[in-house]
Amino acid sequence: MRDGASPRHHPHHDAPDTADRFRRLAALPPGPEREALRSELVEAWLPMAERIAGRFRDRGESLDDLRQVAALGLVKAVDRYDPDRGHAFVSYAVPTVTGEIKRHFRDHLWTLHVPRRVQELRNRVRAAGQELAGTAGGQRPTVADLAAQAHLSEDDVQAGLEALESFAALSLDAELPGSEDGYSLADALGSPDPALDTVVDREAVRPRLAALPERERAILYMRFFGDMTQSRIAEQLGISQMHVSRLISRCCGRLRDEILRDEILRDEAPPGDEAPPGGAPPGDEAPPGGVLRDVAERDRTVRGAS
């Protein structure tokens, strides 16, 4: 009689008669004798595990690695099998080994993280496609055909079809389809815009500029927006060039210190309790007027005359 409670002949030659040995294994205490018998059972059923591993060849993993995973599943089956339950060992070992191999594929071979439910949809859609391949007259089955065959909704079939293409990621250096000049996916990716830092700095300094005295704002405008020299600014305002230099240094240092202080206060403030930076509230920054407008107008007149 073959191993197990049922006298039915097993369709494969790799199902040895080990029922007596499993009963002896269950009765033995831990020790060398039990370990030797356990190794003997694993070796006896190893051809069955290797046969199951062969079902998963050509799926992106070498057959040797699959055999090792199957052997691990077989060891787990031998250790967990209880002959007193009255079931044949093969009926317990086959799903245990198969599950170990599928778990290996799920945990180690997917380049992208795909939820387990989507992986199961992928398997059902692939199986349905294989079943319909011989009956579709050479035509590719439609989504509706796959849904009817797999007993799934069309949305689930679409998810399974997308997962079929997600087993491995495309290299960024791979040439795009239809490209004849070596244009790769990496060439189509964007890069950080260096102007973003400028936008952040500009928005941070805006309310502080609005809070400066009008003459200091005029000096900064002429120096950094009008590209005027310190000597020319001094001539426009009727002050010395050294005084202009000191005012520019003082204004820039003040703006820097206030912005850094605002950053520290914002980091230390509790969530939802951030106070707006000092100076004019957002939206209330008036355009420079008075002296600044007069200076800008004079500057435009001088530039036009020259």
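Guide: Read along the sequence, this predicted model follows the pattern α-α-α-α-α-α-α-α-α-α-α-α, that is, 12 helices and 0 strands. Of the 306 residues of the chain, 31% count as buried. Among contacts with a separation of 6 or more, 58% join residues 24 or more positions apart.

Against this background, the structure holds 11 salt bridges. One of them pairs R38 with D79, whose closest N and O atoms are 2.6 Å apart. This pair links distant parts of the chain, since R38 belongs to helix α2 (residues 32-54) and D79 to helix α3 (residues 63-80), 41 residues apart. D79 has a relative accessibility of 42% and therefore counts as partly exposed.

Other salt bridges lie within a single helix. In helix α8 (residues 195-211), R206 and E203 are 3 residues apart, about one turn of the helix, and their closest N and O atoms lie 3.0 Å apart in a salt bridge. R206 is partly exposed at 37% relative accessibility, and E203 is partly exposed at 44%.

Helix α11 (residues 241-268) holds R254 and E258; because they are 4 residues apart, about one helical turn separates them. Their side chains meet in a salt bridge at 3.2 Å, N to O.

Terms used
Residues are numbered from 1 along each chain as its sequence is written. This is a predicted model: local features need pLDDT of at least 70, side-chain atom pairs count only at pLDDT 80 or more; totals for chains, interfaces and linings use all residues. Side-chain values use heavy atoms; hydrogens and water are left out. Helices (H or I, at least four residues) and strands (E, at least two) are DSSP runs, numbered from the N terminus. Buried means under 20% relative accessible area, exposed over 50%, partly exposed in between (1.4 Å probe, protein chains only). Contact means heavy atoms within 4.5 Å. A salt bridge is a side-chain nitrogen of Lys or Arg within 4 Å of a carboxyl oxygen of Asp or Glu.
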